[in-house]
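Let's take a friendly walk through a protein chain, starting with the whole and ending with a single residue. Keep the picture in view as you read.

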Amino acid sequence: MKDNIPKKSILVIDDDIWIQRIVCGYIESWGIKAFPALDPYSGLSLASSEKPDLILLDIVLPDISGDKLLKMIRHIESISNIPVVIISSYLSRNVFNIAIKHGVKTFISKPITKETLKEKITIDLGENFFYQNTA
């Protein structure tokens, strides 16, 4: 029966390799699959192919900003309902307004701690996300 239960997963879209490693390490320490994406194109591709439970999205990205990528995600039917958490050291009023308009409930300011990350993920996915079978 366990084999039929899909593994929980989170997509991390951030162009900072060190943030990627740290955040993905936190996620995997909870038994959750982390998909890293260093640019918006690979992030969009992974979101479409893997259908993660949650997307952690940086705002400052090469070529396409995170707020524009968020709009794109919301217009692709197969991934439009995936919860998105904005992670950034740059959180302006404009970014907040755009994000909230597109269904974002949660924001994390960098630097990110393991405790804060878990707390913010819980807002979107609930406490049970971390305790349900992740095999």
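## About the model

This is a predicted model, in which local features need pLDDT of at least 70, side-chain atom pairs count only at pLDDT 80 or more, and totals for chains, interfaces and linings use all residues. Residues are numbered from 1 along each chain as its sequence is written, and side-chain values use heavy atoms, with hydrogens and water left out.

## The whole chain

The protein chain has five helices and five strands. Here helices (H or I, at least four residues) and strands (E, at least two) are DSSP runs, numbered from the N terminus. Starting at the N terminus, their order is β-α-β-α-β-α-β-α-β-α.

How far does the C-alpha trace span along its principal axes? The answer is about 45 × 30 × 25 Å. Of the 135 residues, 46% are buried, where buried means under 20% relative accessible area, exposed over 50%, and partly exposed in between (1.4 Å probe, protein chains only).

Now look at β3, residues 54-58. Five of its five residues are buried, so β3 is largely enclosed by the rest of the structure. In a regular strand the side chains alternate between the two faces of the sheet. Both faces of β3 are covered: L54, L56 and D58 lie on one side, I55 and L57 on the other, and all are buried.

Which strands pair with β3? One is β1 (residues 9-13), parallel to β3 and joined to it over four bridges; another is β4 (residues 84-88), also parallel and also joined by four bridges. Two strands count as paired if DSSP finds at least two bridges between them. I55 has a bridge partner in each neighbour: L11 and, in β4, V84.

The strands β3 and β4, together with helix α3 (residues 66-74), form a right-handed β-α-β unit. Right-handed means that, with the strands pointing away from the viewer, the path from the first strand over the helix to the second runs clockwise.

## A loop residue: P52

P52 sits in the loop between α2 (40-50) and β3. Is P52 buried or exposed? With a relative accessible area of 4%, P52 is buried.

Leaving aside residues up to four places away in sequence, P52 touches S9, I10, L11, L46, A47 and I82; contact means heavy atoms within 4.5 Å. P52 and I10 are 42 residues apart in sequence, yet their C-alpha atoms are 5.2 Å apart in space.
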